Protein chains: 2
Amino acid sequence: MRTLLLKKEDVRGLIATEEVIAAVEVAYKGFNSDQVVQPDYIGIDLHPPRGDIDFKLGYYKGNEIISMKASSGGFPNNPTTHGVPSGMGTILLFDARTCALVCVMDGSLITGLRTGAAGAVSVKALARRDAKRVASIGTGNQARMQIRAISQVMKIEELHAWDHHADSMASFKADIELELGIPVFLANSKQAAVEQADILITTTRGKGSVVEGGWVQPGTHIVAIGTDAKGKQEFDPEIFRHAKTVVDSILQCSEKGEIQHALRLNILSRDRIHAEIGEVLLGKKSGRTSDEEITIFDSTGMAIQDNTTAHKIYQNALAHGVGTFFEFIE
Amino acid sequence: MRTLLLKKEDVRGLIATEEVIAAVEVAYKGFNSDQVVQPDYIGIDLHPPRGDIDFKLGYYKGNEIISMKASSGGFPNNPTTHGVPSGMGTILLFDARTCALVCVMDGSLITGLRTGAAGAVSVKALARRDAKRVASIGTGNQARMQIRAISQVMKIEELHAWDHHADSMASFKADIELELGIPVFLANSKQAAVEQADILITTTRGKGSVVEGGWVQPGTHIVAIGTDAKGKQEFDPEIFRHAKTVVDSILQCSEKGEIQHALRLNILSRDRIHAEIGEVLLGKKSGRTSDEEITIFDSTGMAIQDNTTAHKIYQNALAHGVGTFFEFIE
């Protein structure tokens, strides 16, 4: 019985951004078509300065793959003391027909890739057709992932960036202009960036509200990425009072997403959450219906995105003869 | 960063029964010394004729290893249709200091090994010193595992066996006599086997009560293995009314162990569960205190047994240069 092993550098070369976007669309549609089993995830918190590790399990009936992603993060001393990254990941893929282990791949890159693609899927589904200007609050790795993916689904004419750290902003500008040829304007304030936006992306660490409701212009589409745990926050909850709110998973977002605060404060009620994004993609619920409405996509990230993305990587590896086979059972 | 890969045949040769017994003792003691983090396990049930797969996570501070065991079972068509076993397993070991993946090993054998060792640990802690005769209700693979391990901690002079299937009994007798030189007597009835027992082991599928309370003689130690899920049962719950009940985990056994029925029927109350076995091993609670009392060890199996057993296999592999290294991250 053969198991394919894929190292980090294999994974990097095995999937294009547009394939990740397609895989994430498949995941969202599957989730809203009773094709997905996705138990609560389990994890272990270690004592500081160590971080945590969690295990996310997903089964997609459409590809008959069960995926398990182990994902660690928050080990600041790893690079200096132990010579390994501060966060790592491993993905197991099982053939759901037999539960044979068909692939073990490094999972360091997949969370970033599928999260970046999530924003792009929401832009296709919810942003104005004539959107041209993107604002990015936060200029770290996930901001780059978002821009890379969104630039596949629209032409970004201007990118307005803001970050607490001036040097982070500067290198973001240099990288994006070089890689994608999009002119990047460094904003003087968060508000100035937000006011420019047809599409607003937030990828901060979610340590508190950074965007006030009044700054957001009519017609803006918001991609809210940074809040993926209880207690995290990026927005003034008032933003949800008059916006059209779309989430990846109502269950997850109610607990861990940006909407947690608006729900707690009764600014948003459960029945006013417009849709899970898979419902919009499947045509079960409407997307944007006017050029004036503010749409918000609250993304916490689902195991099933890892599943469909990793499966595509596995298929590409088989097709191109990449990777190393190992027989755990002969 | 190197990850050690161990195939099934590597694992088979890398650990002796007495090492598994020692590892399981370490696990039980750790569990009752606040050295263990063991979240609820997660799993996916597939549609028949497919079975299920579950994922059990454990962290033992004593060895600084986080283990995750994926374990599937109940796929009767696997061997004929797909050429793979009906149940399989994979274990990941992470260095808890960094969460680096240090080992991926086949996990097909470990559940059987550490479950067999559990019975032996309980015999050391709870059986009469002069115990000589063992009765085994059930004669499948786990019955063999139990006898192999228990024969390491006592001299079994007679083994009385019973099973629904006569051919299973016959091959059990042949195998045990050849491998261990213990005389095996095939009982005419369950009752006849049980009445002979200084130590009674049950390893049936738990499809209903097979042992009546009145059959069990004073002084017997019972190793109750077959019940590891809600609804399973091997004993008349009355057995718990006057016995000394020891479990691996009160939390797990209350839900999935043999005691579930006695608790539900108020034959046993929570405060009458004498101990978790780690407490007995640590001397925090007494073991057997007379030759007349009936002791029962209810074992559901814990992730931390996988952890310490797999870690010992990993250490032995490193010491003997067995296995294949792979760099998921270069």
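Two strands count as paired if DSSP finds at least two bridges between them. Helices (H or I, at least four residues) and strands (E, at least two) are DSSP runs, numbered from the N terminus. With that in hand, here is a walk through this predicted model, in which local features need pLDDT of at least 70, side-chain atom pairs count only at pLDDT 80 or more, and totals for chains, interfaces and linings use all residues. Residues are numbered from 1 along each chain as its sequence is written, chains are lettered from A and ligands numbered from 1 in the order in which they are written, and side-chain values use heavy atoms, with hydrogens and water left out.

**The sheet in chain A**

Chain A holds an open sheet of eight strands with parallel pairing, in the order 10-9-8-11-13-17-15-16. Its edges are strand 10 (184-186) and strand 16 (275-276), each of which pairs on one side only. Strand 16 is joined to strand 15 (residues 244-247) of chain A by two parallel bridges, and there A:Val247 stands opposite A:Glu276.

**Strands and helices in chain B**

| Strand pair (chain B) | Bridges | Bridge partners |
|---|---|---|
| Strand 8 (residues 133-137) and strand 9 | five | B:Ser136 and B:Ala161 |
| Strand 9 and strand 10 (residues 184-186) | three | B:Ala161 and B:Leu186 |

Strand 8, helix 5 (residues 141-153) and strand 9 of chain B form a right-handed β-α-β unit. From strand 9 of chain B the chain then crosses through helix 6 (residues 166-180) to strand 10, again as a right-handed β-α-β crossover. Right-handed here means that, with the strands pointing away from the viewer, the path from the first strand over the helix to the second runs clockwise.

How well covered is strand 9 (residues 158-162) of chain B? Four of its five residues are buried (under 20% relative accessible area, 1.4 Å probe, protein chains only). Helix 4 of chain B is largely enclosed by the rest of the structure, because 14 of its 17 residues are buried.

**Where the chains meet**

The contact (heavy atoms within 4.5 Å) takes 48 residues from chain B and 48 residues from chain A. Together the chains bury about 4,100 Å², 76% of it on carbon and sulfur atoms; buried area is the accessible area (1.4 Å probe) that two parts lose on being put together, summed over both. B:Ile42, B:Ile44 and B:Phe328 supply 15% of the area that chain B buries against chain A, more than any other three residues.

Four salt bridges link chain B and chain A (a side-chain nitrogen of Lys or Arg within 4 Å of a carboxyl oxygen of Asp or Glu). A:Arg50 forms a salt bridge with B:Glu64, with the closest N and O atoms 3.1 Å apart.

How values were computed
Buried < 20%, exposed > 50% of the residue type's maximum accessible area, 1.4 Å probe, protein only.
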